[in-house]
Amino acid sequence: MRDLAEKYYLEDNCNCAEALLHAVNDTCGLGLRQEDFKLVGAFGGGFGCGITCGALAGAMAALGGMVIRDRAHATEGFKGLCAAYVSAFADKLGDVNCEVLKERYFTDGGSRCLRTVQLAADVFEAFARENGIGMERGDVSLREGGPGCAACGSNPAETVESD
């Protein structure tokens, strides 16, 4: 997933949020159309003003696309899963704030926030695997009400406390 996120970020000139969502879409077969990525376009650069990291926001959109069955509030355990993901992101990258992350990881010379995007992709992939969220292409069985991850058969709604 890291390589895909890097490709979208550097070669296709996507912002951090778009790159993460593209990478998850390609890896997991979410079935998003090109125009769907516009929905996260405003998340890049910390929502354009340096607040919450766009890579985190793009990953949260992907998480919702993989786990929510109908509505977020009606998906048991989703709120706790989101909180756990934000915590995992902060633990790995040191913060969730774009300005703080830019001070730590931003580089001139064209790669901009590539290191943040790479780490965010790593966090997403590890979190999804650890929580039984399908990472195989086309495995969106949680969203469709199936048993969960095809590889391990777990369901994060059963392992994360409900709202």
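The exposed residues Lys79 and Asp91 lie on the face of α5 turned away from its buried side. Exposed here means over 50% relative accessible area, buried under 20%, and partly exposed in between, with a 1.4 Å probe and protein chains only. The structure is a predicted model, in which local features need pLDDT of at least 70 and side-chain atom pairs count only at pLDDT 80 or more, while totals for chains, interfaces and linings use all residues. Residues are numbered from 1 along each chain as its sequence is written, and side-chain values use heavy atoms, with hydrogens and water left out.

Helices are DSSP runs (H or I, at least four residues), numbered from the N terminus. Helix α5 has 16 residues and reaches 22 Å from its first C-alpha to its last, close to the 22 Å expected at 1.5 Å a residue; the expected span is 1.5 Å times one less than the number of residues. The buried residues of α5 are Phe78, Leu81, Cys82, Tyr85, Phe89 and Leu93. These residues cover an arc of only 100° around the axis and therefore lie on the same side of α5, the arc being that of the directions from the helix axis to the C-beta atoms. α5 is followed by Gly94, which has a positive phi, near 95°.

A search of the whole structure finds 4 aromatic pairs. Rings of Phe, Tyr and Trp (its six-membered ring) pair if their centres lie within 6.5 Å; planes under 30 degrees apart count as stacked, over 60 as edge-to-face and the rest as tilted. Tyr85 and Phe89 form a tilted pair, 6.5 Å centre to centre with 50° between the planes. These two residues are 4 apart in helix α5 (residues 78-93) and so are separated by about one helical turn. An α-helix has 3.6 residues a turn, so residues three or four places apart point the same way.

The rings of Tyr85 and Phe127 have centres 5.1 Å apart and planes at 80°, so this pair is edge-to-face. It links distant parts of the chain, with Tyr85 in helix α5 and Phe127 in helix α7 (residues 114-130), 42 residues apart. Tyr85 counts as buried because its relative accessibility is 0%; Phe127 is buried at 6%. Tyr85, Phe89, Phe124 and Phe127 form one aromatic cluster.

Two charged side chains were also assigned to rings, by the criterion that NZ of Lys or CZ of Arg is within 6 Å of the ring centre and within 35 degrees of the ring normal. The charged end of Lys102 sits over the ring of Phe106, 5.6 Å from its centre. That of Arg112 sits over the ring of Tyr9, 4.0 Å from its centre.
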